[in-house]
Amino acid sequence: MDIINIIFALLSIGLGCFGWLAPRYTMGALDLTMGETTMGASEVRASVGCLFVGMGIGALILGSPEAYVMLGFCWCGAALGRLTSIVLDGNSQKKLVYFLVEAAVGIPAIWLNL
């Protein structure tokens with residue numbers, strides 16, 4: 001169980017690094033475009049990047065089941081937002097893949113640590 005928790009935390013950090021350090025790449029992968037200001041890149045660095053980096057680092061530092069459960073809740077929150085978009089905004093293969101990845105991290109992280 002500990003190794004799985006560490007993998008989930010490292011996955012969070014690794015994926016978050018893309019948003020943090022490569023926001024334009026991440027925006028392209030998410031079908032987002034830059035506006036007239038750099039606010040879009042700033043938002044990606046914060047919410048798609050460092051938020052996930054911080055979650056993963058925090059879980060590793062705390063190392064408690066509660067920390068890994070919270071990591072799972074965060075990933076499940078992302079999955080819920082993605083599912084809402086699938087239902088209300090229309091489905092796409094990309095949305096479905098992202099939803100499955102988010103749920104595949106979030107649900108086991110909660111289940112293994114409760």
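In which helix does R24 lie? R24 lies in helix α2, where helices are DSSP runs of H or I with at least four residues, strands are E runs of at least two, and both are numbered from the N terminus.

Before we start, a word on the model. This is a predicted model, in which local features need pLDDT of at least 70, side-chain atom pairs count only at pLDDT 80 or more, and totals for chains, interfaces and linings use all residues. Residues are numbered from 1 along each chain as its sequence is written, and side-chain values use heavy atoms, with hydrogens and water left out.

**Exercise 1. Decide whether R24 and D31 are buried or exposed, and look at the phi of D31.**

Step 1. Set the cut-offs: buried means under 20% relative accessible area, exposed means over 50%, and partly exposed is in between, with a 1.4 Å probe and protein chains only.

Step 2. Apply them to R24. Its relative accessible area is 53%, so R24 is exposed. In sequence R24 and Y68 are 44 residues apart, and their C-alpha atoms are 29 Å apart in space.

Step 3. Turn to D31, in the loop between α2 (23–29) and α3. With a relative accessible area of 61%, D31 is exposed too.

Step 4. Check the backbone. Most residues other than glycine have a negative phi. The phi of D31 is near 60°, a positive value in a residue other than glycine.

**Exercise 2. Describe how α1 and α3 pack.**

Step 1. Read the values. The axes of α1 and α3 cross at roughly 155° and come within 7 Å.

Step 2. Classify the angle, with under 35 degrees counting as roughly parallel, over 145 as roughly antiparallel, 65 to 115 as roughly perpendicular and the rest as oblique. The pair α1 and α3 is therefore roughly antiparallel.

Step 3. The crossing of α1 and α3 is left-handed (the near helix is turned anticlockwise from the far one by less than a right angle; clockwise would be right-handed).

Step 4. Look at who takes part, with contact meaning heavy atoms within 4.5 Å. The contact residues include I6, L10 and W20 of α1 and V48, F52 and I57 of α3. By class, the contact of α1 with α3 has 16 nonpolar, five polar and one charged; Ala, Val, Leu, Ile, Met, Phe, Trp, Tyr, Cys and Pro count as nonpolar, Asp, Glu, Lys and Arg as charged, and the others, Gly among them, as polar.

**Exercise 3. Work out how α4 sits against α5 and against α1.**

Step 1. Begin with α4 itself. Its 25 residues reach 35 Å from first C-alpha to last, close to the 36 Å expected at 1.5 Å a residue (the expected span is 1.5 Å times one less than the number of residues).

Step 2. Take the pair with α5. Helix α4 (residues 65–89) and helix α5 (residues 93–113) have axes 7 Å apart, at an angle of about 150°. They are therefore roughly antiparallel to each other, and α4 passes α5 in a left-handed crossing. This contact has 18 nonpolar, four polar and four charged residues.

Step 3. Zoom in on F99, in helix α5. Beyond its neighbours within four places in sequence, F99 is in contact with A79, R82, L83 and I86. F99 and R82 are 17 residues apart in sequence, yet 5.7 Å apart in space, C-alpha to C-alpha.

Step 4. Take the pair with α1. The axes of α1 and α4 are 10 Å apart and the angle is about 45°, which makes α1 oblique to α4. The contact joins N5, I6, F8, A9, S12 and L15 of α1 to Y68, L71 and W75 of α4.

**Exercise 4. Find out whether S85 and N5 are buried or exposed, and list what each touches.**

Step 1. S85 is in helix α4. Its relative accessibility is 17%, so S85 counts as buried. Leaving out residues up to four places away in sequence, S85 touches G90 and K95.

Step 2. N5 is in helix α1. With 2% relative accessibility, N5 counts as buried. Leaving aside neighbours within four places in sequence, N5 is in contact with Y68 and N113.

Technical notes
Axes are lines fitted to C-alpha atoms, for helices over the stretch in contact, and angles run from 0 to 180 degrees between N-to-C directions.
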